[in-house]
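Have a look at the model first, then follow the points in order.

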Amino acid sequence: MTPDFQSLDTADTTQIIALWEKCGLVRPWNPPEQDIAHLLAHPTADILVAKHKGRVKASVAVGYDGHRGWVYYLATDPAQ
């Protein structure tokens, strides 16, 4: 699989959360649905997703605060 990252399609939200859970990135005090909403609402942030045969296989959330860039939710399907 050669990853081709695209911005998150909100129809893939369930898959992206399942990937994050599989990778141990979800914490009870940080609901992933809320993090997704915040990232997608921010003009200098995005969630990039790689899919293979319609299934989410990798993700990275990125943001820019005007001075530095941030990386969150860096995940790859363990089966890959």
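1. Start with the sheet: four strands make it up, open and antiparallel, in the order E1-E2-E3-E4. E1 and E4 are the edge strands, each with a single partner, so one side of each has no neighbour in the sheet. On average, neighbouring strands here are turned by 25 degrees against each other, direction ignored. As for the terms, strands (E, at least two residues) and helices (H or I, at least four) are DSSP runs, numbered from the N terminus, and two strands pair if DSSP finds at least two bridges between them.

2. Before going further, a word on what you are looking at. This is a predicted model, where local features need pLDDT of at least 70 and side-chain atom pairs count only at pLDDT 80 or more, while totals for chains, interfaces and linings use all residues. Residues are numbered from 1 along each chain as its sequence is written, and side-chain values use heavy atoms, with hydrogens and water left out.

3. E1 and E2 pair in the antiparallel sense over three bridges. Phe5, for one, has Ala50 in E2 as its bridge partner.

4. Next, the helices. H1 lies across E2, E3 and E4 and runs at about 85 degrees to E3. H2 also lies across E2, E3 and E4, running at about 115 degrees to E2. For these angles, axes are lines fitted to C-alpha atoms (for helices, over the stretch in contact), and the values run from 0 to 180 degrees between N-to-C directions.

5. Which residues of H1 are buried? They are Thr13, Gln15, Ile16, Ile17, Leu19 and Trp20. Their cover includes helix H2 (32-41) and strands E2 (45-52), E3 (55-64) and E4 (69-76). Buried means under 20% relative accessible area, exposed over 50%, and partly exposed in between (1.4 Å probe, protein chains only). Just after H1, Gly24 takes a positive phi of about 75 degrees.

6. You'll find Asp12 in the loop between strand E1 (5-7) and helix H1 (13-22), and at 8% relative accessibility it counts as buried. Setting aside neighbours within four places in sequence, Asp12 is in contact (heavy atoms within 4.5 Å) with Lys51 and Val56.

7. The side chains of Asp12 and Lys51 meet in a salt bridge, 2.9 Å from N to O. Asp12 sits in the loop between E1 and H1 and Lys51 in strand E2, so this pair ties together parts 39 residues apart in sequence. Lys51 counts as partly exposed, at 38% relative accessibility. A salt bridge here is a side-chain nitrogen of Lys or Arg within 4 Å of a carboxyl oxygen of Asp or Glu, and by that rule the count comes to four.

8. Another of these salt bridges joins Lys22 and Asp77, with the closest N and O atoms 3.9 Å apart. Lys22 belongs to helix H1 and Asp77 to the segment after E4, so parts 55 residues apart in sequence are tied together.

9. Last, Asp65 and Arg68 meet through their side chains in a salt bridge of 2.7 Å, N to O. Asp65 is partly exposed at 41% relative accessibility, and Arg68 is partly exposed with a relative accessible area of 41%.
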